[in-house]
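Here is a short report on a single protein chain. Please look at the sequence and the model first.

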Amino acid sequence: MTALFIGVVSHPASSFAVSTGPKGLGRSLASGLTKRGVQTSVEVNTKNAYQPSMLALDGPAVARSLTAQLRVERHWQAFLRDNLNLGQLMRASAARTQRRLGEWFRFLRPWHGKNKDSAGARRIRRLINIELSHFALMRASVASGSEWTLILEDDASATDLDDCVNGLVGLMNQGPRQPAYVNVSQSFSAQDLSISHLLSPVPGVQWEGTQERQLLASSKPVTNTVCAILYRTSFVKELLEVTDAFPVDPVIPIDWKLNVALMVLFEQGSLEAGDCWTVVPGPIDQLSMIPQR
């Protein structure tokens, strides 16, 4: 019997608190998957685990965080560069730099001394808490002994639950090697992420849900945020071995920290072309990226 661990990342003040309860996506998927013969467990993490001993929330820490994120994004664009349209690359680079400069102005300009209630301090604290929650659930999935792991953020939602359940079952019935993980959220488009040139249809495999969706394999490992990713748990263990070596400071968002780990694993040869799949359009909507009516 296939076993799946579902982890839900949330926090006490979340505007998507429904996701942590019985009507949330995690438990709704578990119910549907159980009916399909998948042994499923759900763990919800709402803890803010940051402790002051981990990192001082001061102006220099904010500056290091913003600088590190810009550096990682530049490395990521270089990683994706093969056959990438130069004009597209330049536009992405310009937009990224403008966005980071805006964040510098927003988070550092109002800083006075060690103001722990500043926007920059709140940003750092929140990023650390999100990261700790993701990694805590990943460790729980490894400890569970499950074959597969689905990590959901609390803004994940599925309008067609049966489609999502059936499609996930199909993905988990793939062979023992590929995919290592699957992006299943509808977040950014491939064009927005500048990854269209890396994607191609998975030969001989179709989405088994009721909606029309494409299964695309990537020649390099990529992510589409960390709102909803289905992992082989054996790959989660590999990820944790890499990320455990990363320092807490400088703080970067969890999706970028995951991208760094993916680049390391690809350069080591632990990840190969076709190990990463993406479902387009994703069966799981990222509600925080959808304009609210």
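The report below goes from the whole chain to its strands, helices and cores.

This is a predicted model, so to speak of local features takes pLDDT of at least 70, side-chain atom pairs count only at pLDDT 80 or more, and totals for chains, interfaces and linings use all residues. Residues are numbered from 1 along each chain as its sequence is written, and side-chain values use heavy atoms, with hydrogens and water left out.

**The chain as a whole**

The secondary structure comes to eight helices and 11 strands. Both are DSSP runs, numbered from the N terminus: helices are H or I with at least four residues, strands are E with at least two. Of the 293 residues in the chain, 53% are buried. Buried means under 20% relative accessible area, exposed over 50%, and partly exposed in between, with a 1.4 Å probe and protein chains only. The chain exposes about 13,800 Å², and carbon and sulfur atoms supply 53% of that area. Accessible areas come from the Shrake-Rupley method with a 1.4 Å probe; for residues, only the protein chains shown count as cover. Among contacts with a separation of 6 or more, 83% are between residues 24 or more positions apart. A contact means heavy atoms within 4.5 Å.

**Strands**

Strands of a sheet pair through backbone hydrogen bonds, either parallel or antiparallel. Here two strands pair if DSSP finds at least two bridges between them. An open sheet of three strands runs in the order β4-β11-β6, with mixed pairing. Its edge strands, β4 (156-157) and β6 (185-186), each pair on one side only.

Strand β10 (residues 276-280) is mostly covered, with four of its five residues buried.

| Pair | Bridges | Sense | Partner residues |
|---|---|---|---|
| β5 (residues 181-183) and β10 | three bridges | parallel | asparagine 183 and threonine 278 |

**Helices**

Helix α2 (residues 59-79) has 21 residues. From first C-alpha to last it reaches 30 Å, close to the 30 Å expected at 1.5 Å a residue. The expected span is 1.5 Å times one less than the number of residues. At the start of α2, a side-chain oxygen of aspartate 58 comes within 3.0 Å of the backbone nitrogen of alanine 61.

Asparagine 129 is in helix α4 (residues 119-144). Asparagine 129 counts as buried because its relative accessibility is 5%. A polar atom of its side chain lies 2.7 Å from the backbone nitrogen of tyrosine 50. Leaving aside neighbours within four places in sequence, asparagine 129 is in contact with Asn48, Ala49 and Tyr50.

**Cores**

In soluble globular proteins, nonpolar side chains tend to be buried together. A nonpolar core is a set of buried Ala, Val, Leu, Ile, Met, Phe, Trp, Tyr and Cys residues joined through side-chain atoms within 4.5 Å. The largest has 39 residues, and Tyr181, Tyr231, Phe235 and Leu239 have the most contacts inside it. Elements that each supply at least two residues include β1 (3-9), β9 (228-232) and α7 (233-243). Helix α8 gives the most, with seven residues.

Phenylalanine 235 touches Ala180, Tyr181, Leu262, Leu265 and Leu271, not counting residues up to four places away in sequence. A second, separate core has 31 residues, including Leu152, Val169, Val184 and Cys227.

Key
Polar contact = N/O pair within 3.5 Å; in protein donor to acceptor, adjacent residues only side chain to side chain.
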